[in-house]
Every structure is written in C-alpha cells, then in structure tokens.
Amino acid sequence: MKSAEAPAITRLAGRIPQHPTVVVGDDGIRYEGAEREQQLDPDFMVLWECWGGLAEGPPLYGEFDPEVQRRATDRLLCAYGMEAPHREPGEGMLWLLHTDADAHQWPADIQTTTPPICRPHAERALQRCATLRRHLAVRVREAEPIGVRGTVYGQDGPGGPDELVLFTDENRLRFVHARHLVLELRGAVPDPVFHPQPSATATQ
Ligand SMILES: [Zn+2]
C-alpha cells in the first residue's frame with residue numbers, strides 16, 4: 001500500500017470474515033472441528049473472528065479491518081502507517097477521536113477501538129480529510145486493553161449488533177465472537193498543538 005492511499009487500518013473491500021462454523025457449548029463458543037482452549041487468544045482468552053480474502057479493492061472508509069485493528073491497538077501502532085509513533089518525553093501518545101471537546105470533562109477516561117496515530121500522519125489526515133476535521137486530537141499518557149466488541153452468542157445463536165464485553169465479565173466473555181479490541185485511554189486531554197486553548201485574556 002502506498003503512503004498516499006487509505007490508512008492501514010481501513011478495511012479494503014476484498015477483506016471478508018472467513019472462519020469455520022461457530023458452535024455454542026456450555027463453557028462458551030468455539031469453531032467447529034477443534035477444542036475451544038486451542039482457539040482462544042492466549043493473552044485475552046477470547047475467540048477472535050477470523051478474516052480472510054485479499055487486501056485489495058476500494059477502501060471502506062469508517063470501517064476498521066478487524067485483524068489490523070487488533071494488532072494496532074494491542075501494540076499501540078499508528079493507525080495510518082502501523083509504525084510505532086514517536087513519543088515526546090512527557091507528552092504521551094496522540095489519538096484522533098470522533099468526538100468534540102465539549103463532550104468530555106478533561107482530563108477524561110475514554111473507551112475506544114481507535115488505535116493511536118503519529119503526529120505527521122495526524123497532520124496529514126487533518127489537512128486532507130474534511131470528516132477528520134470534526135475529530136478531536138487528544139494526548140494520552142496511559143492506554144490499556146479493557147475488553148472487546150463483538151457478537152455475543154446465546155444458546156440459540158448470535159445475538160444482535162456488536163456489544164462491548166469487558167475482560168472482567170467472564171460469563172459473557174466466553175460467549176463473545178470478538179471483532180475489535182477496546183482500549184481505555186486514561187487522563188486524555190485535548191492536544192494543545194492541534195487545539196490551542198483560547199487565550200485567558202481574550203475580551204468580548
Ligand atoms: Zn504514522
């Protein structure tokens with residue numbers, strides 16, 4: 001993929017869910033044909049949705065490729081370039097979130113499936129994309145995986161739309177077909193470079 005193309009995390013149309021049939025058991029869900037224990041992610045103890053197809057075709061903006069999303073959020077890689085963002089000492093990491101400054105009390109703890117972004121890619125994204133101008137750049141000192149989003153199964157099969165399931169919710173965790181990893185960003189504040197504070201001495 002060339003750097004001028006879609007962010008690395010954007011799902012390309014050729015990528016599709018591809019996995020064996022999901023079977024519901026008393027102890028949780030698994031893929032047909034093997035033991036559940038062998039199919040779980042050893043770090044997070046969840047069954048990930050598997051994706052296949054080819055990384056080609058038009059980008060589906062606004063959709064994350066689940067396998068890329070998990071790698072980027074777990075390793076805190078840049079959503080655009082999948083490189084480890086440079087961190088200024090004491091600054092924390094940068095996130096571009098689809099929210100605005102009035103929606104939170106700062107500093108804020110925010111749950112998100114969005115990975116971090118490096119400053120050069122954030123500058124490029126904000127210049128290029130009108131939608132992204134409605135995004136808020138925040139700086140974050142600490143980010144931790146707290147759960148997954150995915151389809152929660154009942155005994156009758158898959159439930160409705162994606163739900164958030166926390167790692168502490170062991171009963172539901174066993175029955176979630178996990179699609180995205182969810183991070184909690186702790187102590188997030190609007191980035192002072194992208195969002196300079198209005199001067200305190202300004203008069204009306
Ligand atoms: Zn980057």
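In this predicted model, the buried residues of α2 pack against β5, β6 (51-53), β7 (59-64), β11 and β14, where helices (H or I, at least four residues) and strands (E, at least two) are DSSP runs numbered from the N terminus. The buried residues in question are Pro66, Val68, Gln69, Arg70, Ala72 and Thr73, a residue being counted as buried if 20 or more other C-beta atoms, placed from the backbone, lie within 10 Å of its own. α2 is followed by Leu76, for which phi is positive, near 55°. Residues are numbered from 1 along each chain as its sequence is written. Local features need pLDDT of at least 70 and side-chain atom pairs count only at pLDDT 80 or more, whereas totals for chains, interfaces and linings use all residues.

With residues up to four places away in sequence left out, Trp95 touches Thr114, Pro116, Ile117, Val138, Val140 and Leu185, contact being defined by C-beta atoms, placed from the backbone, that lie within 7 Å.

Across the chain, which holds four helices and 14 strands, 34% of the 204 residues are buried. Of the contacts with a separation of 6 or more, 72% are between residues 24 or more positions apart.

Conventions: A residue is buried if 20 or more other C-beta atoms lie within 10 Å of its own, exposed if 12 or fewer, and partly exposed in between; C-beta atoms are placed from the backbone. Two residues are in contact if their C-beta atoms, placed from the backbone, lie within 7 Å.
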